[in-house]
Number of protein chains: 2
Amino acid sequence: LPLAIISIGDEITTGSVVDTNSAWISEFLLEHGMETRLHLSVPDDLRKVSRALRFAQTQARIVIVSGGLGPTVDDLTTEAACQFLGVRPVLNQHALDMIESRFRAIGREMTNNNRKQAMIPEGAELLENPFGTAPGYVFATKRACFFFVPGVPVECRRMIEHQVLSKILAREKGKKIFRPLILRTFGLTESRLDQSLAELELPRNVRMGFRAVFPEIQIKLIASGKTEASVVKALSRAQAAIKEKVGQYIFSENGRSLEQVVGDLLREKNRTLAIAESCTAGLIAKRLTDIPGSSDYFLAGFITYSNKAKTDMLEVPGRLIQEKGAVSSEVALAMAEGARSKAGSDMALAVTGIAGPTGGTAEKPVGTMHIAIADERGTWEKKLFLLRAERSQIRELAAQTALEVIRRRLLGQKNLEF
Amino acid sequence: LPLAIISIGDEITTGSVVDTNSAWISEFLLEHGMETRLHLSVPDDLRKVSRALRFAQTQARIVIVSGGLGPTVDDLTTEAACQFLGVRPVLNQHALDMIESRFRAIGREMTNNNRKQAMIPEGAELLENPFGTAPGYVFATKRACFFFVPGVPVECRRMIEHQVLSKILAREKGKKIFRPLILRTFGLTESRLDQSLAELELPRNVRMGFRAVFPEIQIKLIASGKTEASVVKALSRAQAAIKEKVGQYIFSENGRSLEQVVGDLLREKNRTLAIAESCTAGLIAKRLTDIPGSSDYFLAGFITYSNKAKTDMLEVPGRLIQEKGAVSSEVALAMAEGARSKAGSDMALAVTGIAGPTGGTAEKPVGTMHIAIADERGTWEKKLFLLRAERSQIRELAAQTALEVIRRRLLGQKNLEF
């Protein structure tokens, strides 16, 4: 079922905001067999919105329009929709009641401009918004069915999950099924992955592609077919064939993030973890604790940004820092051992490096990174050069590598090289 | 000068990747007077790419196309461009030399599929890519000028900054000038901001809009005019009028992030900072150290996720945690004082709270948050309820509020309420 997605707002076409809704909508609806043909973004401008609605209905049978339903003067999606559809805006009493009760619930006074949000095109069907003040609506023309939803991401997503999806599925039955599968890898470049898999024979109804989602490379499979069973079988045959070639680089096959995979391994093996970070300064701990329930295995983090903090918080000998430098194998190992002993954790990881843009030398250029692990098996340490990258990329690469090192260590892999 | 931006790739229309290039390109070129009329994303599909190119040239005179120039089988932008333009792909020797020398420089072997990247449409002008293997190219038709650039963000952006911009500016002279200005606020909802500014009289050539970029609300001004001077003058008049109404909520007027603003204040006032984090667990420290040179003022972070860590690392009395709970004013204050004394910093900030989704109680629901500061003026503490939000949003709101508290404290504001 072909789909087009329009996001409306100056904030998008001026580039102040990145449109994350369109990607989310496409991904969510693809899992239910709908294939996006087009993303389109236009400014808050009556003519440009109308033109986008017109173009979209020539390309797709379902059109999802997000944004421009807010209370302020620059929100004119409903006005543009009325012009395009040739109907008047009318007050929807149920929408007004919902908005009023929402304001009562959060103990705020309703402003007059919120009343505007209860106006929807005549003949449109209301979509409730339990997460905000802007209701949505649906309107079908002969060529396409238009769903108007709020631009605020959480409101947009909940409305599509809870209301739009079921209405689309009710309209269409017996169509072709699509299922995506993403294998997330770290450690090989896109070209090398492509080469390693060039000779692979895949089922004819499976399409393979690669995508670099910094800092990982993803292998994306899309299978299509008439039945759920045929699609699932084709996907799992393709998945097995790929794992035979590059399995050691795949850290996730089920959508879980690397921090989730590491967390699940820690919980499964009943191990606790502490982290000592210098250049990444909280990034690794932040990622690990993005996962609900991470307090089961994550005990503490030591952000030892200054040399003094390394000595005070982790008992890294001041002499060692002076002799070897804060960015050295010896200091990384001492940080890991210090973190393990101070936190009383089973395992500790330490990262120290030079994230730049300044602070590099000929011997230790920007991007020099030391990662160390201390656990009951002893210690392990690795030096990396994350060159030709910007500060934020160096930090993200260091954090990703560190988490991947923990994953491989927990799996008992001997070879922790990258 | 009207602009359209096309991003090509299954990864975008399937929603696996969020298209950040289009926003970046729009924002960058807007600063040079170009207004984006349209963002368009289509899959890696010959017909859909051709159709997008055709539609774009009816809407804009400059079309920037990113993505699909890579070495793999699913990269077919050049093939689609050739079909659309009615020319053949030809080998560009200079492009091939660049790709070969790039592989030599990084000490890797060039794969055969990289050779494909040296094929560009006949009659197109090459755009060099010093950051990757995919060169870009430019091709002008009667209706529009097309720039093809790589999809990898850093390569895309550098090519536009260093090569595309100058070529566009060389084509167009004496056109209307546009300048944006963003005032970033925290502490008021979008509706309240809109109401506070409803009566404001702005210069006629300044357009004002709002945008919620979680967790902040931005006021965006766009001024247009014939001369640089008239545009700058109109913007600064609008800016002054807005500051008179809601100045205390504006934390940035020059594009700087909140962590940059806080960092600059710390440096200016010659103060050092330490952070103790429980539920945010590294997020605040990570944001502060995103800023190059933050080691000048940021000394250390204590991620005391477990109760034991709060006692071991910060000397928060175990009895206090037992009596008042880890999420309490008393523990937040003890964490801030402990961090200040352990790190030897001028100032310390502590955050403890319940990020959820579990762990909430009737008395302390998910979203309960305590923020405390210790400095030479004494201590300060505030309880917040960040309700109706998801774990990641609660953590981001807590981090944003904490940084804003530091900013207001450093400015000597008496009222730190939100």
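Predicted model: local features only at pLDDT ≥ 70, side-chain atom pairs only at ≥ 80, totals over all residues.
Local features need pLDDT of at least 70 and side-chain atom pairs count only at pLDDT 80 or more, while totals for chains, interfaces and linings use all residues. Residues are numbered from 1 along each chain as its sequence is written, chains are lettered from A, and side-chain values use heavy atoms, without hydrogens and water.

**The interface**

Contact (heavy atoms within 4.5 Å) involves 86 residues from chain A and 87 residues from chain B. The two chains bury about 6,600 Å² between them, 54% of it on carbon and sulfur atoms; buried area is the accessible area (1.4 Å probe) that two parts lose on being put together, summed over both. Six salt bridges (a side-chain nitrogen of Lys or Arg within 4 Å of a carboxyl oxygen of Asp or Glu) are counted between chain A and chain B. One of them joins B:Asp10 to A:Arg207, at 2.6 Å from N to O.

**Strand pairing**

Strands are DSSP runs (E) of at least two residues and helices are runs (H or I) of at least four, numbered from the N terminus. Two strands pair if DSSP finds at least two bridges between them.

| Strands | Sense | Bridges |
|---|---|---|
| S14(A) (residues 298-304) and S14(B) (residues 298-304) | antiparallel | five bridges |
| S10(A) and S11(A) (residues 216-225) | antiparallel | eight bridges |

In chain A, four strands form an open antiparallel sheet in the order S10-S11-S9-S12. Strands S10 (206-213) and S12 (250-252) of chain A are at the edges with a single partner strand each, so one side of each has no neighbour in the sheet. A:Arg207, the salt-bridge partner of B:Asp10, stands opposite A:Ile222 in S11(A).
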